Amino acid sequence: MKKIIPTTCTRDCPSTCGLLATVENGRLVRLSGNPDHPLTRGTACSKTARYIRRIYSPERVTAPMIRRDGRWEIVSWDAALDLVAERIKAVILESGPEAILYYQGYGERTALKLLNRYFFNLLGGVTTLRGSLCGGTGQAAQNLSVGDRVSHDPLDHANSRSMILWGRNPVSTNVSLVPIIRELRRQGRPILLIDPARTRSAALADHHIAVRPGCDVFLALAAAKLILAAGAEDKPFLERHAEGVQAFLDLVGRFSLDDLCRRAGVSQAQARLLAVTLITAKPSAILLGWGLHRHALAHQSIQAIDALGAISGNLGVPGGGVSQGFEEYGPYDQRYWGDELHPPKRTLLMPRIGEEILNATNPKIRMIFVTASNPVCMAPNSNKVSQAFRRTEFVVYSGHFLDDTADHAHVFLPATTFLEEQDVMASYGHNYVGAVNKTIEPLGECRSEFWMFQELARRFPFASAYRRELEDWLETVCAPLREQGRDHGGDMHAMQSRPFRIDAPMVPYVDRRFPTPSGKFRFLERLDNPDPSLESPEYPYALLTVAPHDAICSERTLADHEPLPRVVLSALQTAALGLSENQLVRVFSPYGAVKARLSVDPTMREDVLLAERGGWAKGGHGLNRLTRDMESQVGEGCPYYETRVAIAPWPAEDVQDVRILVIQHSPQAPGGNFTKTLQRHGAELTTLHPLEGQELPNVPGDFAGLVVLGGPQHAFDDTAVPHASRLMELMRSFDAQLKPVAGICLGAQLLARAYGGTNYTLDKLEFGFIQHRPTSEANDDPLISMALPLPPLMEFHEDSFTLPPTATLLVRGEACSNQCFRIGQASYGFQFHLEADSQMLFDWLTSFRQGSLEAYRRYKDQFTDAYFADLTRHLPLLLADSTVFCEKIAATWLGFCRGKNAS
């Protein structure tokens with residue numbers, strides 16, 4: 001049975017796209033843009049289609065868990081919530097409610113999320129957060145100019161004769177704008193991109209101005225100076241609708257054009273291009289991006305850009321404006337935050353949350369409850385955040401995956417995704433509110449946060465005030481929408497099929513009246529710091545951790561991570577430092593260091609080091625280990641881009657130009673965690689696909705080791721594996737030269753055959769995570785002993801082998817006795833799939849259950865739905881243990897390749 005259900009994306013993105021979810025037999029099979037959405041009109045980013053894999057990822061936690069003696073244990077919901085309630089009551093009794101910190105993040109900002117904080121206020125008012133990791137600085141800065149920030153409706157941009165993307169990258173972070181921009185450009189209307197880095201959105205622009213990080217204020221002042229010099233300022237606006245005009249003019253007059261351009265790091269021609277565009281291609285829409293907020297003095301730049309919009313005559317006119325964002329909680333009854341229930345309680349500053357937790361006293365923070373966030377990864381100075389969480393007695397985490405923050409938790413509450421929930425979603429990128437319609441049943445035992453807090457409230461005296469039906473709460477929280485008129489789609493039933501536009505102007509300030517005390521626009525009058533850049537000879541580069549194209553912040557799985565983060569440096573700086581493309585480098589700041597791979601970009605500014613944000617520290621990334629924890633001067637935002645870094649080659653003792661040859665037999669059997677670990681530790685891999693016609697080398701040459709992967713072929717089938725004899729000879733040649741070999745599954749079978757073992761087919765398929773036993777010899781083996789005790793490991797094979805006469809058995813199994821052996825100098829065979837990651841398992845499990853793997857189709861009925869349900873329930877923990885085991889094995893094996901003693 002096939003159904004198509006409209007819904008609304010709730011992820012941390014301004015587009016908040018209308019989506020269509022295609023469901024077949026209860027399973028989500030397609031997620032695409034809804035062509036009937038008035039704004040997004042069928043647009044959806046590339047992340048949307050991939051979200052299906054995220055929902056069904058084997059890494060996804062689908063059952064409640066409690067950590068006992070350092071290990072996760074799957075429990076019932078009652079057991080998990082009972083424990084959480086007991087700890088809440090004990091902490092409040094002993095230390096008061098402020099000893100509990102509720103950390104509510106930005107991962108989802110739906111209507112019902114208001115009620116999360118309402119729960120904690122009903123407790124008596126716990127410690128909460130103030131400030132922002134994201135757009136708070138921008139909003140507060142614009143409020144200085146206009147009183148209350150209101151942006152142009154994106155549909156109004158059709159009236160623009162030009163557009164300036166100032167620090168905005170819609171191709172990667174706001175895809176619903178892309179068709180609008182393309183249409184403007186098709187009509188010959190100029191598009192300018194102002195950004196220190198040449199982002200993907202440069203392809204949409206006619207010109208790119210690479211401004212110096214944090215110095216946009218000077219570019220805006222330079223353009224204003226040129227507009228004034230040309231006599232092109234909006235004199236009526238300045239005379240009638242603005243205050244602080246003379247102070248702004250004096251500010252502009254204090255700098256020469258050359259000085260302003262030098263400070264901005266741009267040419268005078270680029271400043272003139274901006275000014276001429278604003279003069280000759282009005283109205284011009286100036287769209288501010290979120291990167292602008294990431295400086296301590298970001299308000300200076302934003303106010304200067306607001307002033308530029310005003311002086312050029314672009315405020316209050318269709319197609320114009322300086323637009324930064326929208327209030328996504330505006331359409332709801334915000335009394336249900338519950339903040340008025342108690343006198344003001346303690347708040348901690350979000351941009352300095354690690355230090356704030358560590359320094360909290362009277363009472364200290366004893367318990368943290370986290371929802372919709374991964375602060376140990378995403379907050380600045382994450383080493384300090386990790387320390388703070390480690391020192392906290394009890395941490396509760398509502399989430400989807402065992403990410404960096406989950407690793408610090410004592411209770412894990414598995415949350416639903418938006419596709420398994422009913423809710424309402426407004427946007428911080430436009431004026432439409434859409435229904436979040438439930439498209440599939442929750443996976444496993446996952447539950448919505450609404451359900452979690454309703455059930456948790458049942459354990460407290462205020463249950464009667466909090467526990468209500470979901471539909472009833474939605475009607476209550478969304479009452480302001482109903483007041484705007486049911487005839488326009490403001491009721492809950494109508495919204496389920498079509499989005500509702502809130503009562504907001506298409507063009508703000510059209511009457512030139514501003515919600516300031518004087519009713520006038522307020523010009524920037526002074527600079528708090530005339531040189532906001534924090535240059536340092538010791539740390540010469542501004543670290544810009546930008547939004548990735550393929551993920552939203554840390555919303556990814558462990559398997560999604562590349563082995564190491566990529567950092568991008570200019571070609572001139574790369575040459576000056578004696579570095580090269582793809583080199584392993586150390587990036588460091590006063591707060592920490594990370595290992596990374598270097599990419600060289602000839603278009604990059606010389607004072608910038610660029611990297612993508614959001615990668616987990618446990619995945620080898622964690623760029624926030626470098627970032628400085630401080631707050632912006634206005635808005636209590638997080639100035640990530642104040643971080644200065646240096647870069648150097650990774651220490652020579654850890655990198656010895658080790659080249660590893662990898663033989664891959666099937667696209668369904670890549671190297672997974674094994675080869676990723678090799679790369680993370682500095683190995684250079686060359687992967688050959690002999691079944692696609694690539695020739696094997698005759699001798700090892702300069703390769704230091706050989707990895708032979710698995711596949712559905714039989715190791716004894718020389719017709720299907722015509723290269724088998726050459727590959728076995730190559731294995732022996734590597735070992736003879738004291739160069740280690742690692743054979744996995746099919747590779748292990750070929751290694752056994754190469755040394756006299758016999759391959760044969762079992763009478764049944766060995767499939768799933770199975771617990772094996774190390775032999776007594778394993779305790780003395782230089783490889784296996786490093787990874788003991790053995791966790792359950794993934795099996796997927798019907799073939800086995802007899803042990804070669806000279807081999808040493810290290811791991812024994814039941815159905816298949818020979819699971820791991822050592823032979824020769826430093827060669828190992830692994831029958832189990834120690835390399836399996838969640839992407840591989842997703843493909844294997846899906847294909848196997850669908851019967852699309854011909855080699856194993858006859859075994860399909862031997863494994864029931866109940867078997868797979870139980871497997872799925874335990875997979876996140878099984879994968880986590882297997883991954884750690886594989887990383888230890890691969891790192892030690894690579895050490896043998898580097899000449900470390902293997903005997």
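This note walks through some features of the model, point by point.

1. **Ground rules.** Please keep in mind that this is a predicted model, in which local features need pLDDT of at least 70, side-chain atom pairs count only at pLDDT 80 or more, and totals for chains, interfaces and linings use all residues. Residues are numbered from 1 along each chain as its sequence is written, and side-chain values use heavy atoms, with hydrogens and water left out.

2. **Helices α25 and α26.** Two packed helices are described by the angle between their axes and the distance between the axes. Helix α25 (residues 838-850) and helix α26 (residues 865-897) have axes that come within 12 Å and cross at roughly 175°. That makes α25 roughly antiparallel to α26. On the α25 side the contact is made by Ser838, Leu841, Leu845, Phe848 and Arg849, and on the α26 side by Asp865, Phe868, Leu871, Leu875 and Leu879. By class, this contact has 7 nonpolar, 1 polar and 2 charged residues. A few terms, for reference: helices (H or I, at least four residues) and strands (E, at least two) are DSSP runs, numbered from the N terminus. Axes are lines fitted to C-alpha atoms, for helices over the stretch in contact, and angles run from 0 to 180 degrees between N-to-C directions. Angles under 35 degrees count as roughly parallel, over 145 as roughly antiparallel, 65 to 115 as roughly perpendicular and the rest as oblique. Contact means heavy atoms within 4.5 Å. Ala, Val, Leu, Ile, Met, Phe, Trp, Tyr, Cys and Pro count as nonpolar, Asp, Glu, Lys and Arg as charged, and the others, Gly among them, as polar.

3. **Helices α23 and α24.** The axes of α23 (residues 724-736) and α24 (residues 746-754) cross at roughly 75° and come within 9 Å. That makes α23 roughly perpendicular to α24. Here Ala724, Leu727, Met728, Met731 and Arg732 of α23 meet Gly747, Leu750, Leu751, Arg753 and Ala754 of α24. The contact of α23 with α24 divides into 7 nonpolar, 1 polar and 2 charged residues.

4. **Backbone points to check by eye.** Most residues other than glycine have a negative phi, and most peptide bonds are trans. The Lys282 to Pro283 peptide bond is cis, with omega near -5°, and Pro283 sits in the loop between α11 (268-280) and β12 (284-288). The bond from Leu788 to Pro789 is also cis, with omega near 5°; Pro789 lies in the loop between β33 (773-774) and β34 (793-801).

5. **Positive phi outside glycine.** Arg41 is not a glycine, yet has a positive phi of about 50°. Its place is the loop between β3 (27-33) and α1 (46-55), and at 55% relative accessibility Arg41 counts as exposed. Asn582, again not a glycine, has a positive phi of about 70°. Asn582 belongs to the loop between α21 (571-576) and β24 (584-589) and, at 35% relative accessibility, counts as partly exposed. The cut-offs are under 20% relative accessible area for buried, over 50% for exposed and in between for partly exposed (1.4 Å probe, protein chains only).

6. **The second largest pocket.** This pocket has a volume of about 790 Å³. It is lined by 28 residues, and the closest to its centre are Tyr106, Gly131, Ser132, Glu328 and Tyr329. At least two lining residues come from each of β6 (100-104), β7 (128-130) and α4 (136-146), with β7 giving the most, 3 residues. The lining divides into 10 nonpolar, 12 polar and 6 charged residues. A pocket here is an open set of points on a 1 Å grid over the protein atoms alone, where a 1.4 Å probe fits, with protein on both sides within 12 Å along at least five of seven lines; lining residues have an atom within 4 Å of a point. Grid points are joined across faces, edges and corners, and a volume is the space filled by probe spheres set on the points.

7. **Sequence distance and space.** Ser497, in the loop between α20 (492-495) and β20 (500-501), counts as exposed at 54% relative accessibility. Ser497 and Ile5 are 492 residues apart along the chain, with their C-alpha atoms separated by 8.7 Å. Gly136, in helix α4, is partly exposed with a relative accessible area of 22%. Between the C-alpha atoms of Gly136 and Gln268, 132 residues apart along the chain, the separation is 32 Å.
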